[in-house]
Amino acid sequence: CYRSGSGVEKDEERAVEWYRRAAEQGYAAAQDNLGWCYRWGLGVEKDEMQAVEWYRKAAEQGYAVGQNNLGCCYQIERGVEQDKVQAVKWYRSAAEQGCDVAQNHLAVCCEQGIGMEQDKAQAVEWYRKAAEQGYAVGQNNLGCCYQIERGVEQDKVQAVKWYRSAAEQGCDVAQNHLAVCCEQGIGMEQDKAQAVEWYR
């Protein structure tokens with residue numbers, strides 16, 4: 001509540017105080033939230049090493065969001081030495097619990113061979129899991145796979161379907177992809193007026 005100002009006046013320092021109390025008692029969600037505050041300097045001085053420490057505590061308890069956040073730190077070298085294999089390990093742990101953001105991150109690793117052997121078909125499966133949960137970035141990425149035949153048989157109608165799902169949630173990249181499809185008649189009838197609306 002203090003972090004977002006929900007029901008009380010926004011006060012990031014008080015939020016950190018309450019997160020810390022709960023985190024020190026072993027509450028995984030609070031550990032992850034405290035890590036987030038350290039990662040971005042919200043209510044506390046920015047300290048990426050402290051962020052990693054708290055994310056790890058949450059991750060080791062099986063908290064999926066913490067596992068995803070720890071994976072990000074390993075992938076982009078934030079507060080810990082870069083280790084893409086560890087990044088994949090934590091993304092997979094979170095993805096298997098149904099964390100849509102982690103499913104998308106794991107799909108990117110599969111697709112690009114980050115921390116693992118490249119596997120475009122597996123990437124599509126993870127993008128699909130994220131997309132079916134309504135995660136806009138995953139929907140856009142799945143649309144790309146269908147459009148350019150990456151890990152799945154080309155299906156431009158399916159590409160448009162997924163671009164539209166993401167675009168309607170406000171995903172700007174998907175809005176641009178959908179606009180191109182409208183303009184060029186890819187997977188749908190050409191509609192330049194609708195293209196302009198999506199480009200806008």
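Trainee: How many aromatic pairs does the rule give?

Mentor: This is a predicted model, in which local features need pLDDT of at least 70 and side-chain atom pairs count only at pLDDT 80 or more, while totals for chains, interfaces and linings use all residues. Residues are numbered from 1 along each chain as its sequence is written, and side-chain values use heavy atoms, without hydrogens and water. Rings of Phe, Tyr and Trp (its six-membered ring) pair if their centres lie within 6.5 Å; planes under 30 degrees apart are stacked, over 60 edge-to-face, and the rest tilted. By this rule the count is one aromatic pair.

Trainee: Which residues form the pair, and how are the planes arranged?

Mentor: The centres lie 5.7 Å apart, with 55° between the planes. The partners are Trp 36 and Trp 40, and their arrangement is tilted.

Trainee: Which charged end sits over the ring of Trp 40?

Mentor: The criterion is NZ of Lys or CZ of Arg within 6 Å of the ring centre and within 35 degrees of the ring normal. At 4.1 Å from the centre of the Trp 40 ring, the charged end is that of Arg 39.

Trainee: Which residues does Arg 128 contact beyond four places in sequence?

Mentor: Contact means heavy atoms within 4.5 Å. Leaving aside neighbours within four places, the partners of Arg 128 are Leu 142 and Tyr 146.
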